[in-house]
Amino acid sequence: MRKSFKLENLGCANCAAKMEHDISQLPGVNKATISFMTSKLLLDADAATPTELEPIVEAADTICASYEKDCHILR
């Protein structure tokens, strides 16, 4: 499943690159891409339904907040 998410309060391109790397390492994630210019996360995961995708999104949100405390994924 491929899904795009808006990132709220993304303020650092270097942090975005680190977030992208860490999110890509999550189990079930095939590829994660963050565009700093548009503040968007494109997530390609093995999940077949939104319910299966939600734990991955939660983990990605935790990663984002670990680099920038005010940065969160909007759903």
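**The cysteines and their setting**

Modeller: Cysteine 64 counts as buried because its relative accessibility is 0%. The model is a predicted one, and the values here are computed from it. Cysteine 71 also has a relative accessibility of 0%, so cysteine 71 counts as buried. How many disulfides are there? The count comes to zero. A disulfide would need a pair of cysteine sulfur atoms within 2.5 Å. For cysteine 64, the nearest cysteine sulfur belongs to cysteine 71 and lies 4.7 Å away, and cysteine 64 is in no disulfide.

Now the chain around them. Two helices and four strands make up its elements, in the order β-α-β-β-α-β from the N terminus on. Of the 75 residues, 35% are buried. The radius of gyration is 11 Å, which agrees with the value near 11 Å for a compact globule of 75 residues. Along the principal axes, the C-alpha atoms fill a box of roughly 30 × 20 × 20 Å. Of the contacts between residues at least 6 apart in sequence, 59% join residues at least 24 apart.

As for the surface, the accessible area of the chain is about 4,400 Å², with 54% of it belonging to carbon and sulfur atoms. The chain carries 8 positive and 11 negative charges, and their mean positions are 6 Å apart.

Key
Residues are numbered from 1 along each chain as its sequence is written. This is a predicted model: local features need pLDDT of at least 70, side-chain atom pairs count only at pLDDT 80 or more; totals for chains, interfaces and linings use all residues. Side-chain values use heavy atoms; hydrogens and water are left out. The radius of gyration is taken over C-alpha atoms; the globule rule is 2.2 Å times the number of residues to the power 0.38. Buried means under 20% relative accessible area, exposed over 50%, partly exposed in between (1.4 Å probe, protein chains only). Contact means heavy atoms within 4.5 Å. Accessible areas come from the Shrake-Rupley method with a 1.4 Å probe; for residues, only the protein chains shown count as cover. Lys and Arg count as positive and Asp and Glu as negative; His and the chain ends are not counted. The place of a charge is taken as NZ of Lys, CZ of Arg, CG of Asp or CD of Glu.
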